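Student: Hi! I've just been handed a new structure and would like a friendly walk through it. Can you show it to me?

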Amino acid sequence: GLTLQRHGLVAAWTVPVRHTDAGTGRAVLEFLLPTRRAPSRAELSLLGELGEMVRLSLDLLGLAAQVVERSAAQLRAEDESRQRGAKIDALVDTALDAVISTADDGTITLWNRQAETLFGWRPAEVLGKPLSNFVVPPETREAHRAGLARAAATGTGALLGRRIEINAIDRAGRRFPVELSIN
């Protein structure tokens with residue numbers, strides 16, 4: 001107070017800044033004056049608008065802090081997901097068995113090194129294409145497609161969750177028995 005009086009400031013107008021959620025003051029705007037007088041209507045209106053702008057600014061700062069916090073959490077979650085994915089990829093790629101994954105429509109989404117060795121096709125040649133074009137013998141392709149459509153439509157199938165032995169073909173057309181598990 002005394003320091004302000006030395007500079008000729010003897011009165012103040014104050015405007016509480018209210019937070020919309022709790023309705024409580026989070027800050028006060030104070031305007032210092034050289035004379036004691038009541039504010040005019042225009043000044044009161046201006047003070048109210050300034051108080052509202054400060055409240056909005058504080059709310060925006062709070063929202064920005066929340067966004068930053070959520071973004072950091074999202075980045076951590078994405079990093080953890082990438083790390084898990086890399087570990088799973090390494091496990092699948094070093095598996096001793098051929099591992100092939102398909103989408104519901106039968107297009108190949110994963111083809112590991114053992115599948116490449118066993119069937120003779122590189123991943124780049126088969127990914128995104130129908131599995132039946134590469135490992136299913138021509139005479140059983142229709143039955144394969146029908147079973148796949150049934151499983152996709154109903155979520156069930158005679159072969160789901162079971163291990164069976166069937167014939168497959170490789171790139172050269174050689175037929176051989178394989179143990180198959182569909183999960």
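Student: How many nonpolar, polar and charged residues does the lining of the largest pocket have?

Tutor: The lining has 25 nonpolar, 13 polar and six charged residues. Here Ala, Val, Leu, Ile, Met, Phe, Trp, Tyr, Cys and Pro count as nonpolar, Asp, Glu, Lys and Arg as charged, and the others, Gly among them, as polar. Before we go on: this is a predicted model, where local features need pLDDT of at least 70, side-chain atom pairs count only at pLDDT 80 or more, and totals for chains, interfaces and linings use all residues. Residues are numbered from 1 along each chain as its sequence is written, and side-chain values use heavy atoms, with hydrogens and water left out.

Student: Okay, how much space lies in that largest pocket?

Tutor: About 1500 Å³. On a 1 Å grid over the protein atoms alone, a pocket is an open set of points where a 1.4 Å probe fits, with protein on both sides within 12 Å along at least five of seven lines, and lining residues have an atom within 4 Å of a point. The volume is the space filled by probe spheres set on the points, which are joined across faces, edges and corners.

Student: Which residues are closest to its centre?

Tutor: Of the 44 lining residues, those are Leu131, His144, Leu180, Ser181 and Ile182.

Student: And which element gives the most to the lining?

Tutor: Helix H5, with seven residues. Helices (H or I, at least four residues) and strands (E, at least two) are DSSP runs numbered from the N terminus.

Student: New topic: how do E5 and E6 pair?

Tutor: They run in the antiparallel sense, over seven bridges; strands pair if DSSP finds at least two bridges between them. Isoleucine 166, for example, has valine 178 in E6 as its bridge partner. The two strands form a hairpin with five residues between them, and glycine 173 in the turn has a positive phi of about 90°.

Student: What does arginine 171 form a salt bridge with?

Tutor: With glutamate 125, their closest N and O atoms being 2.8 Å apart. Arginine 171 lies in the loop between E5 and E6 and glutamate 125 in helix H4, so the pair ties together parts that are 46 residues apart in sequence. A salt bridge needs a side-chain nitrogen of Lys or Arg within 4 Å of a carboxyl oxygen of Asp or Glu.

Student: Is glutamate 125 buried or exposed?

Tutor: Glutamate 125 counts as buried, at 16% relative accessibility, while arginine 171 is partly exposed at 41%. Buried means under 20% relative accessible area, exposed over 50%, and partly exposed in between (1.4 Å probe, protein chains only).

Student: How many salt bridges does a search of the whole structure find?

Tutor: It finds 10. One of them joins aspartate 93 and arginine 113, at 3.0 Å from N to O. Aspartate 93 sits in helix H2 and arginine 113 in helix H3, 20 residues apart.
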